[in-house]
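Trainee: I've got a protein model open and I'd like to learn how to read it. Can you walk me through a few features?

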Amino acid sequence: MLSVESVVKRYENVLAVDSLSFQVEDGQIFGLLGPNGAGKSTTIRMIMNIIAPDSGKILLDGRSLGRDATSRIGYLPEERGLYRKARVGEILEYLATLKGADPGAARKSIDLWLERFGLGEWKNRKVSELSKGMAQKAQFIGAVAHDPSLILFDEPFSGLDPLAQEELLSAMVELKDKGAIVIFSTHIMEHAEKICEKILLINKGGKVAEGGLAEIKGRYGKNAVQLEFDGDPSFIEKLPFVTEIIAYPRWIEVELSDPEDSARLLAAVAGQAGAGFKLRRFETVAPSLHKIFLRLAGRGGEDA
């Protein structure tokens, strides 16, 4: 288990992390969420022992994270960077052995991961020959090839296409199923909603909300309906029982003042049929994490 206890980090006049506490169990995917500049990367770097907290404690299985814990930790940083002139297999083996892995075991693990990500034929090619997505997958392998028990992913999907994103999400779930602690830092709520069992939303260095996904939705979510349509939906925002709308070109999420108002909304929408508005989908939904994030982080967390 990882325990972060009342951790504080200040840079001159900026309080980057403010008395932050949380715990992550073995075999759990934990979402560390927040807007850019919220303190996510600073928190991860303190867990990694790259920087030291000004106060507070960080413990892994009850022990401080010193240099002897290096072999237990895997880290995919937000800032990418493999040695471009090195060959893919060689640099990944080098990274694994730096973490204390046996070279033979590391090569076997690396080969399995390369094949899984469709990179087997690139093992003896230079890193500079990889596409951005390929290099991202290779760096993912570099974070996990030594079989760590605590793995930290800092914005791991930057620049990846949807297929590659799904491949990495699936791999993260597999690592969790093997008992690893997986900490996943992102500001893309759709990814967190797919795989995180527990989330912590931080803003301005402090905790805004924490708990299981269902718990967070129940605590901070409101009654919502999603509509897909053709035409002009502007009449919906004028309805007296509609409290808020998130609008996109061809669908909207409507927040209602009461669950019973979904029937009133459907009647209002049906009344616009033939008047330049065509409804394609009407669905009562649990509030999205994206919307909760906007409400809490966007307003500085005062709703919490």
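This is a predicted model: local features need pLDDT of at least 70, side-chain atom pairs count only at pLDDT 80 or more; totals for chains, interfaces and linings use all residues.

Trainee: How many bridges does strand 1 make with strand 2?

Mentor: Strand 1 (residues 2-11) and strand 2 share 7 bridges, in the antiparallel sense. To see the pairing on your screen, look for arginine 10, which sits opposite leucine 15 of strand 2.

Trainee: OK, strand 13 next. Is it mostly covered or mostly open?

Mentor: Mostly covered: 5 of the 6 residues in strand 13 (251-256) are buried. As for its partners, strand 11 (residues 224-231) pairs with strand 13 over 5 bridges, antiparallel, and glutamine 226 stands opposite glutamate 253 there. Strand 12 (residues 242-247) is also antiparallel to strand 13, again with 5 bridges. In that pair, glutamate 244 has glutamate 255 as its bridge partner.

Trainee: What do strand 12 and strand 13 form together?

Mentor: A hairpin, with 3 residues between the two strands.

Trainee: How should I read a helix, then?

Mentor: The general idea is that an α-helix has 3.6 residues a turn, so residues three or four places apart point the same way. Now try helix 2 (residues 88-98): its buried residues are Val88, Gly89, Ile91, Leu92 and Ala96.

Trainee: What covers the buried residues of helix 2?

Mentor: The cover includes helix 3 (103-116) and helix 4 (132-144). Have a look at what comes after helix 2, too: glycine 100 follows, with a positive phi near 95°.

Trainee: Last one: aspartate 154. Where is it found?

Mentor: In strand 7, which spans residues 150-154. Aspartate 154 is a charged residue that is buried yet has no salt bridge.

Trainee: Which side chain of opposite charge is nearest to aspartate 154?

Mentor: That's arginine 45, 5.1 Å away. A salt bridge needs the charged atoms within 4 Å. The side chain of aspartate 154 does make a polar contact with the side chain of serine 185, at 3.5 Å.

Trainee: What else is around aspartate 154?

Mentor: Skip its neighbours within four places in sequence, and its contacts include Ser41, Ile44, Tyr75, Pro77 and Arg80.

Methods:
Residues are numbered from 1 along each chain as its sequence is written. Side-chain values use heavy atoms; hydrogens and water are left out. Buried means under 20% relative accessible area, exposed over 50%, partly exposed in between (1.4 Å probe, protein chains only). Helices (H or I, at least four residues) and strands (E, at least two) are DSSP runs, numbered from the N terminus. Contact means heavy atoms within 4.5 Å. Two strands pair if DSSP finds at least two bridges between them. Lys and Arg count as positive and Asp and Glu as negative; His and the chain ends are not counted. A polar contact is a pair of N or O atoms within 3.5 Å; within protein, one must be able to donate a hydrogen and the other to accept it, and residues adjacent in sequence count only if both atoms are side-chain atoms.
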